[in-house]
Amino acid sequence: MKTTMPSILPPPAATSGVTLGGRLRRINGITLGVALTIVATIAIVSSFALGLVALMNTSRLQARMLAENAAAALMFEDTRSAREMMQSLRNLSQLDEATLYTNHGQVLARYHAGGSAPSGRRPLLRVGDDMSVTLAGIEVRQPVLFEGRTQGTVRMSMSLEPLYRQTLWQMLATLGAALLALLTNRALLRALNASVLRPLKQLGRLMERVSNETDYRLRVDASGIAEIDALGNGFNAMLRQIQERDATLAAHRDHLEEEVAARTAELRSAKEAAEAASQAKSEFLATMSHEIRTPMNGVLGMNELLLDSSDLAPHLRAWAEAVQVSGQHLLGVINDILDYSKIESGHMQLESVDFDLVEVIEDALAMFARQAESKGLELAAHCVPPHAPLALRGDPFRLRQVIANLIGNAIKFTEQGEIVVRVEVLAQDGERTALRIAVKDTGIGIAEAVQERIFDHFSQADSSTTRRYGGTGLGLAICRRLLDLMGGSIRVESTPGLGSTFLIDLCLPRASATPAAARPDGLLAGVRVLVVDDNRTNRYILSQQMEGWRMRVVCAESGEQALARMSEAVEAGEPFDLAVLDMHMPEMNGLQLAQTIQARPQLAKTRLMMLASTYLDVDRSTREHAGILRSVNKPIRRAELRRVIDEVLAHGLVAPAARSRPSKIPAATLRGNVLLVEDNPVNQNVARAMLARLGVQMSLAGNGLEAVEMVERQRFDLVLMDCQMPVMDGFEATRRIRAREREHPERPSLPIVALTANAQSGDRETCLAAGMDDYLAKPVTVGGLTAMLARHLEPAAAETAVPAATPDALPSDFDPQVLAALPMVADGSAPEFAHEMLQIYEQTSTEALAQIEVALSAGPAQAQVLLRQMHTLKSSSAQVGAMALAGLAGRFENELRSGHAGRPEWIGTLREAHARARRAWERDAAMHATMQASP
C-alpha cells in the first residue's frame, strides 16, 4: 500500500523586499562609494593643503626679495625708484596688492592688480607674526633692513583664487574617476553574483518542488562551492531520513490502533496499581500511627504516675522527666502523622455540633498561656464586632486544632511582642455566618518566595527551620486539609522581620439551639473604667470590649500616666469606678501601682482588679494588701472578664488594707549549692540570709572574674549572677562560663540566673542573649527568690509551701516593711538583723555618694565609675527600703546609659534624699523603741 506523507516544508512565501543579488549589489556599491569618497576627500584636502603651504612659502620668499630690493629706495626715500620697482611685480599672477611703507607708516609706493584685496578680511590663520591667511588670500609683512637697521616695511597680498580653481578641477577629475570605478564594479559584480546565486536559486526551486509534490526522492546536485554544497548535502540527508520514516510509518499504519489500545490498557493498569499502593500506604500509615500512639499513651501515663511519687530519687526523677518531655514530643509527631494519614486515606470525618467560637479560641489560647509567658509574649483574642453572636455549628475540636497549631507556630517563631487572634464577622444571614480568623504575630516572618510552599506536607520555610525550631512540617498542611474539608481556606501575609498573619476564611451554619441570654449590658452602662496596660493591642481590645458593654473607658500606658489620669478625674468630680491594672509593666508594675493608689486617699475609692499571668507568683493576701479585689488571668476570656467586673462593681467600697506583719517563712524548703556573684555588701547579706533560711548552701564571689574561677574549681547547682559589677560584669562572666561548657560538652549545663535592678523592657532579652537561664529583678523578695530557686533546684526532703511574695516597696523615703520582710526578721529569729543592715547600708551608701561626687567633678573621664556607683546606690537603697533615693539613682542611671553626661546638681539631690531616708529610719527606730518600752 503506497502512502504519501504530508509535506513538512512550508509553502513558498510571496516574494517581497529585495533579492539577495540586489542586496549584495547595494552593499558593494555603498562600500565602494564610501571608500572612494574617503580616498577622494583625503586626496583633495591634502592637495589643497600642499598648494596652500607652497603658496605661503612662495609669498614669504617674494616678500623677502622685494624687501631687499627696496632697501635703497626707502633709505633715500626715492619715490620714483620705488614705483618702478613695484611695477615690476605685475608679472606675478597671484599678487593682488603690494605696498612699501616707511618707518613712519607712510606709503612710499603701492602696486594694485585690480582684484579684491584681502587686507580688510578677518584672518582665519596666523603663521608667525609676519603672515595671516583669509578665505580670499594670504597677507605677508616683511621688514626692510639696511645695515641691520629697519628702514620700512613691505606688505604683500596673494590671492587664493588660482588655488581654488585648481582644487575644483581636481574634484571634477576625482568624481569622474569614481563614476567610472562604480560602473566597472557593477559589471564585474553582476558576473560574480551570477556564479554564486545560480546554485542557490536551483536549491530554492528544488525545495519548492519537494514542498509541492512531496517527492522525497529528489536530490540537490553539487555546485562546486563548498558552503552551498554543505547546505545541499544537509538537505539531501533530511530528504533521505524523511523518505525512510515515511516508509516506516506506512509499514506500521495498519497496526497503529492495536498498539494504542495495548498501551492504553497498560497505563490504566499501572494507574490502578499506583492508586492501590497509595491507598494501602495511607491505610498502613494510619494503622501504624494508631498502634504506636496507643502504647505511647500508656508509657506517658505510667511515667506521669512515677513522677508524682514522692520517694523518687533525684537522678531517677530527672530521667523520668526527660522521658516525659521526649515522649510528649514524639506523641505530637505521631498525632500529626495520624491526622495527615487519615486525611490522605479519606477516613477523616468531621462532626457537626453546636459550639461557641469565642470559647474555642479562648481554649486554644489557654493551652499556650504558660509557653507564651515563659517567652514574655502577650496573648490576646479580639472579636469584631465585640458582641457579635458566634454560636455556630461545625467541628469545634478540629477548628480548635487548626487555631492551636497556628498559635503554637506563632509562639515558636516569635521571640518578643505579641500574638493576637482576631475574629471578624464578614456577613450573616438567617442560616450561615461568614467569618475570618486571623492569627497575627510579631515574629521572624516568612519570605514571599516560600509563603505558598509552607502549606505543603513535610515542607518548611528553609532547611534550617527544623534544626532551629523543630517540627515535622505537617502542621500547616493538616490545617489546610482540615479547612478544605470544612469548606474554608487559609493563606498567609508576611514580611520578613515584621511578623506574619495567617488568615482563615470560613462560612459555617449558625447553631441550631438558641444560646443562653447574656447579662444585659445596661448594668455596666456609664461605669467609668481606667485600663492600664503598656501593650497597645491589649488596651485596644479591652477598650473595645468594655465600650461594647457601654462602659466609659479611658486608657493609660504606664503607672505614672494612670496616676495622672486618676488625679485629673478626681479634680473634675468624675472619679473612676474601676481600674483594670496589668501586672507586667516597665518602671512601675501593676502591684506597685495598686499600692501607690491605696496610699493616696483621694484615689483609694476606685475599685481595683488585676490582669496577670496564669503562673504569676503573687498570692491572694499580697493582692488584697495592695487593694486589688480580683485578678483575671491572661489570656483573658470574655465571659470571665464580664463576670469579674460584675463581681468587683458589686463589692462595697473597700478601705485600703492595713499593713500586716509578714507571716513566718518556712525554713529548709530547698537544697543545693548556690554561687552568689554580688559586689554590694548590703545585697550580699540579704541574699545570704534568705538562702540560709531556705536551706541552700551558698558561696560568694565579689565579681565576675572570681565567679569564673570558682566555677572551674567547684561544682555548683545554680549561679545567682549580678549584672553590673567591677572588674568583670555578669554578662561577660556568663559568656565565659558558657564558652568553657562548649569546650567540655560532657559537663552538664550550669543554670545561671541574672540579678539586676534594671526592670525595663528588653533587659530580660539581654540576659537571655548572654546565656543566662532566668531573670530575677531587685529588690529580691523571698517569694520571688523561692519561686525562682524552685525552678532550678531540687526541693528538700520535707517539702513545704512556697512562701508568698511580699509587696514591693512604695516610692517613699523609707519603707520599714522591706526590712521587716527579711526572713530572719519576719520570723523573729534575728530581729537585730534589720539594724545591722541599716548600719552597713549607711556606711556603703555614704561611700557611694562620695565617689559619685568625685566622679561628677572629674567629668567624662570617670563616666564608668559614675555609672557603676549610681547602679550600686540604686540597688542597695531599694534593698533596705529607701525607695525615693533608689528611684532618683535609677533615673540618673538611665540618663547615663542613654549617653547623657552627669550633672553637678545630682549630688545635692541624692544627699538630700539620703538624709530624708536616714531621718525616716531613725524616726521609725525611735517609735519602735517607745512601743517596746510602753507597758
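Here is a short tour of a predicted model, one selection at a time.

**Stop 1: a greasy-side-chain patch.** Select I30, V34, I38 and I42, and show their surface. Together they make a nonpolar surface patch of about 370 Å². Is I42 buried or exposed? Its relative accessible area is 54%, and the cut-off for exposed is over 50%, so I42 counts as exposed.

**Stop 2: a pair of helices.** Next, select residues 396-412 (helix α10) and residues 475-485 (helix α12). Their axes come within 10 Å and cross at roughly 150°. Angles over 145 degrees count as roughly antiparallel, so that is the label for α10 and α12. Turn the view and look at the crossing itself: α10 passes α12 in a left-handed one.

**Stop 3: another pair.** Jump to helix α14 (residues 559-571) and helix α15 (residues 590-599). Here the axes are 10 Å apart, and the packing angle is about 30°. That makes α14 and α15 roughly parallel, since the cut-off for that is under 35 degrees. Their crossing is right-handed.

**Stop 4: two loop residues.** E587 isn't a glycine, yet its phi is positive, at about 70°. With 68% relative accessibility, E587 is exposed.

Finally, go to E77, in the loop between α2 (71-76) and α3 (79-87). E77 also has a positive phi without being glycine, near 50°. E77 is exposed, at 52% relative accessible area.

Technical notes. Residues numbered from 1 in each chain as written. Predicted model: local features only at pLDDT ≥ 70, side-chain atom pairs only at ≥ 80, totals over all residues. Heavy atoms only, no water. Patch = residues over 30% accessible without salt bridge, like charges linked within 9 Å, V, L, I, M, F, W, Y side chains within 5 Å. Areas by Shrake-Rupley, 256 points an atom, 1.4 Å probe, with all protein chains shown as cover. Salt bridge = Lys/Arg side-chain N within 4 Å of Asp/Glu carboxyl O. Buried < 20%, exposed > 50% of the residue type's maximum accessible area, 1.4 Å probe, protein only. Axes fitted to C-alpha atoms, helices over the stretch in contact; angles between N-to-C directions. Helix = DSSP H or I, 4+ residues; strand = E, 2+ residues; numbered from the N terminus. Parallel < 35°, antiparallel > 145°, perpendicular 65-115°, else oblique. Left-handed = near helix turned anticlockwise from the far one by under 90°.
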